[in-house]
Amino acid sequence: MTAVQQAQPNEGYESGAISTADKVKKFVARNGALLGLVVLCIILSIATPAFLTGPNILNVGIQAATVAILAFGQTFVIVAAGIDLSVGSVAAVSSMMVAYTGASMGLPVWLTIIVGLLTGAGFGALSGLANAFLKLPSFIATLAMMSVARGLTLVISDGRPVSTSGMVNFFGSTALGIPVPIVMMVIMGVLAAVILNFTSAGRSMYAVGGNMEASRLSGINVHKTQVMVFVLSGIFAAVAGLVIAGRLHSAQPQAATGYEMDAIASVVIGGASLSGGKGKVSGTFIGAILLAVIRNGLNILNVSSFWQQVVIGLVIAFAVSFDTLRRKEDAH
Amino acid sequence: MTQLSLVGVSKIFGSSKVVDRVSVTVEPGKVHVLLGENGAGKSTVIKMMSGIYQPDGGRIEIDGKEVRIPNVDAARRFGIAVIHQELNMVPELSIMENLFLGALPTKGGFVDRATMKRKAREALTLIGLNEDVSTPMGALGVARQQMVEIAKALMQDASILILDEPTAALTRKECEQLFSIMADLKAKGVGMVFISHHLDEIARVGDVVTVLRDGQYVGTVPASTPEAELVKLMVGRSIENQYPRVAGKPSKVMLKVDGLTRGDEINSVSFEVRAGEVVGLAGLVGAGRTEVIRAIFGADPYDSGNVTVDGKPVPKASIARTIVAGVGLVPEDRRDQGLILDASVAENLGLATMIPTSRMGFVDRNGQRKREKETASKLRIRMASIDQRTGALSGGNQQKAVFGKWSMAKVKVLLLDEPTRGVDVGARVEIYELINEVTAKGGAVLMASSDLPEVLGMSDRVLVMSNGHISGEMPANEATQEKVMALAVSHMQEAATPEINENKGEH
């Protein structure tokens with residue numbers, strides 16, 4: 001029965017002094033994925049000497065790169081309260097278009113790369129238009145697109161891999177000692193961060209994801225924003241497709257199958273909310289690296305790939321429930 | 001029958017004492033009104049009564065014996081039921097299924113539909129609701145849904161009924177129905193806790209009033225206490241002038257609407273609003289006030305007619321161009337239409353100006369930030385910081401943020417739709433002061449409101465709408481409630497029962 005003599009002014013929820021313990025708690029809660037990543041790296045470094053070596057770290061980076069690039073694109077969509085299930089298939093169809101226009105039509109390589117990027121943008125635009133104007137939920141629109149894009153990849157290639165030329169293969173190579181996929185990941189990450197944080201288009205994505213009607217009534221072009229996020233997601237998928245083709249020196253009809261789930265998981269582990277309005281490129285980056293480190297670590301420790309799937313699933317569930325609990329606390 | 005007492009209860013969240021030594025006694029057959037502004041602690045008190053929160057101090061007594069109410073189930077066993085503001089119903093299920101939600105009568109593992117139907121009919125008869133029990137809940141209006149909730153509570157033998165703002169979403173006629181049910185329940189000895197923002201309802205249904213302010217117990221007074229006195233207890237100071245309109249001299253025409261028409265909803269509506277003028281738009285619910293305002297703003301299309309702002313025509317159905325022409329809208333539902341609740345105050349303030357002030361697609365972050373801070377302090381938005389989540393602000397301060405958005409955009413014409421809905425008495429006056437500031441600077445204001453005293457008190461000129469038409473116009477000093485109401489029903493001969501809605505409840 002405590003009887004506090006003095007009434008607290010009831011303004012805002014952050015009244016009162018914040019103790020150091022609270023600050024630490026807050027930091028842990030807000031940077032859960034990052035701390036999880038650090039702890040995991042420490043554990044792996046102790047568990048096996050093979051983890052903390054230069055080549056292995058570059059290896060993790062290369063493994064993370066394609067998923068991270070897809071996830072950066074996915075971040076635009078999720079921030080705007082949508083979801084893009086088609087990114088894996090779009091990556092595949094874009095890279096197949098690059099290889100096909102080069103090998104069968106004999107277009108110059110620079111032009112095939114542009115064709116690839118336009119392919120990604122085009123598929124994204126279709127999903128976006130269906131979402132914005134036909135009012136198809138993005139889950140459905142991109143589920144359909146996932147199947148269409150994969151199917152077209154198989155049609156174009158007749159189900160067989162098509163080899164790619166030197167300039168495309170550069171995207172999968174190592175230049176000046178640095179793997180190009182990692183460079184691409186950094187470039188695309190910075191690009192995504194700049195778009196989301198500094199451009200009116202990016203800020204509109206947060207607004208539309210936070211409250212579509214309030215955004216519309218504030219003069220934001222909601223339809224344009226909805227189409228744009230999918231176009232960007234498509235372009236990022238095409239870039240990921242280039243990296244994948246570059247590493248394999250060919251476009252594979254089954255490339256990037258299932259990658260959309262890793263991309264979505266990265267974004268969500270990174271703290272974005274599937275209901276929109278929240279999400280950061282830095283978070284997505286940590287999410288993608290975390291997934292890659294787990295895979296890499298389990299590989300080094302000789303854990304079977306079957307068990308790896310179980311672990312990845314649990315990590316996603318844990319990370320997101322942690323985040324949900326944090327939000328609940330914050331809302332208080 | 002049961003008597004429920006809270007004796008000096010307190011509730012602490014983190015470091016703030018949300019409820020501080022409050023005492024309330026709910027007597028059988030009496031209606032106990034809880035009165036206070038938003039954030040005064042009413043909801044917390046209710047939650048302690050219903051087992052959702054545990055008091056951190058003081059005690060709860062039932063019939064004089066100290067008890068603990070650890071959860072909602074326990075409260076139900078004590079006969080305490082809450083009718084929440086947001087109804088706990090599954091709209092897709094039928095009335096009877098909702099009545100028995102979570103406790104379906106079964107026979108051999110299967111749902112016993114016959115028993116369910118019979119018991120559901122009995123429950124509805126109890127409150128005089130004549131509905132087929134297999135009707136889906138969603139097909140009923142809010143008022144009827146609420147009656148079903150009350151029936152459900154009574155079916156579970158509730159002897160203490162807590163009604164959390166039950167009239168907020170009801171029309172006047174529906175309110176009367178509710179009040180007559182409450183009178184019946186009183187006669188049966190059910191004790192009730194009643195929360196409402198409508199002061200006039202207190203004397204109508206209440207017996208005693210407990211006033212809370214900032215979590216503190218202010219006092220318990222008879223429900224017959226004059227309204228002005230209640231406001232004083234609630235706000236802690238007397239509000240001399242509820243409607244502090246400072247009229248200026250109207251100058252040039254800022255907004256001209258000419259022959260605006262859309263289907264049956266908007267019928268050849270024409271009027272002007274001059275700089276320095278507040279024009280009130282009165283009318284019944286469904287008369288077309290919101291429709292006209294949204295059409296002017298470009299939020300909805302219209303068939304024919306013209307909108308001119310400061311002498312220049314505005315293209316129809318383009319919000320962005322209407323804003324550029326100098327028009328802003330404070331929509332009727334700020335939570336769904338006015339604000340991004342999860343975004344910061346800064347972000348909401350800058351929402352309408354973010355794109356127009358951007359250069360080559362890049363947001364003017366420093367400039368916006370500076371202007372957002374200036375606006376927040378100019379409008380005296382009370383917040384922990386400009387980066388605070390907007391949803392954490394009080395209703396009045398949220399509404400100020402919506403005003404601030406348009407203040408930043410330097411609009412010449414401000415369209416207001418229910419500007420003080422869900423805003424406390426004290427904060428309401430501050431909103432009115434903002435309206436005065438807009439017109440003092442040469443802005444024009446068009447204000448639609450269901451709150452007739454507000455329309456009469458804050459407008460310089462009143463337009464009355466009826467069935468999509470403008471049925472009359474008068475200067476505010478000649479307008480009376482009777483005159484306005486007569487005009488409001490003038491085009492309604494063919495329409496169904498005229499229903500006067502004076503809702504100003506919150507969401």
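D460(B) lies in the loop of chain B that runs between α16 (452-458) and β21 (461-466). With 20 C-beta neighbours inside 10 Å, D460(B) counts as buried, because the cut-off for a buried residue is 20 or more. The model is a predicted one.

**Surroundings of D460(B)**
- Leaving aside neighbours within four places in sequence, D460(B) is in contact with A247(B), P250(B) and E277(B), and also with V278(B), V279(B) and A476(B).
- Y302(B) is 158 residues from D460(B) in sequence, and their C-alpha atoms are 27 Å apart in space.

- E165(B) is not a glycine, yet its phi is positive, at about 45°.
- The loop that holds E165(B) is the one between β9 (160-164) and α6 (172-187) of chain B.
- E165(B) has 22 other C-beta atoms within 10 Å and is therefore buried.
- In chain A, H249(A) is likewise a residue other than glycine with a positive phi, near 55°.
- H249(A) sits in the loop between α11 and β4 (250-251) of chain A.
- H249(A) is partly exposed, because 16 other C-beta atoms lie within 10 Å.

**Domains of chain B**
- Chain B is divided into domain 1 (4-235), domain 2 (248-326 + 411-507) and domain 3 (343-408).
- Domain 2 is given as two segments, 248-326 and 411-507.
- Between the C-alpha centres of domain 1 and domain 3 of chain B the distance is 37 Å.

**Nonpolar cores**
- The largest nonpolar core has 181 residues, and I69(A), L70(A) and A91(A) are those with the most contacts inside it.
- Helix α11 (residues 222-248) of chain A gives the most to this core, namely 16 residues.
- Domain 2 (248-326 + 411-507) and domain 3 (343-408) of chain B both give residues to this core, so it lies between them.
- Not counting residues up to four places away in sequence, I69(A) touches M184(A), M185(A) and M188(A), as well as F236(A), V239(A), A240(A) and V243(A).
- A second, separate core has 68 residues, including V45(B), I46(B), L161(B) and M182(B).

**Helices α3 and α13 of chain A**
- Helix α3 (residues 54-79) and helix α13 (residues 281-300) of chain A pack at an angle of about 145°, and their axes are 8 Å apart.
- The crossing of α3(A) and α13(A) is right-handed.
- On the α3(A) side the contact is made by N59(A), V60(A), Q63(A), A64(A), V67(A), A68(A), A71(A), F72(A) and T75(A).
- On the α13(A) side the contributing residues include V281(A), T284(A), F285(A), G287(A), A288(A) and R295(A).
- By class, the residues of the contact between α3(A) and α13(A) are 13 nonpolar, 6 polar and 1 charged.

**Two residues in other helices of chain A**
- F27(A) is found in helix α1 (residues 20-30) of chain A.
- F27(A) counts as exposed, because it has 12 C-beta neighbours inside 10 Å.
- F27(A) and V109(A) are 82 residues apart in sequence, and their C-alpha atoms are 48 Å apart in space.
- I156(A) belongs to helix α6 (residues 138-157) of chain A.
- With 18 other C-beta atoms within 10 Å, I156(A) is partly exposed.
- I156(A) touches M96(A) and Y100(A), not counting residues up to four places away in sequence.
- Y100(A) is 56 residues from I156(A) in sequence and 7.5 Å from it in space, C-alpha to C-alpha.

**Contact between chains A and B**
- In the contact between the chains, 40 residues of chain B meet 32 residues of chain A.
- On the side of chain B that touches chain A, β2 (16-26), α10 (319-324) and α11 (334-338) of chain B each supply at least two residues.
- β2(B) provides the largest share of that side, 4 residues.
- The side of chain B that touches chain A has 20 nonpolar, 12 polar and 8 charged residues.

Key:
Residues are numbered from 1 along each chain as its sequence is written. Chains are lettered from A and ligands numbered from 1 in the order in which they are written. This is a predicted model: local features need pLDDT of at least 70, side-chain atom pairs count only at pLDDT 80 or more; totals for chains, interfaces and linings use all residues. A nonpolar core is a set of buried Ala, Val, Leu, Ile, Met, Phe, Trp, Tyr and Cys residues joined through C-beta atoms within 7 Å. Domain bounds come from an automatic or database domain assignment. Two residues are in contact if their C-beta atoms, placed from the backbone, lie within 7 Å. Ala, Val, Leu, Ile, Met, Phe, Trp, Tyr, Cys and Pro count as nonpolar, Asp, Glu, Lys and Arg as charged, and the others, Gly among them, as polar. Axes are lines fitted to C-alpha atoms, for helices over the stretch in contact, and angles run from 0 to 180 degrees between N-to-C directions. A crossing is left-handed if the near helix is turned anticlockwise from the far one by less than a right angle, and right-handed if clockwise.
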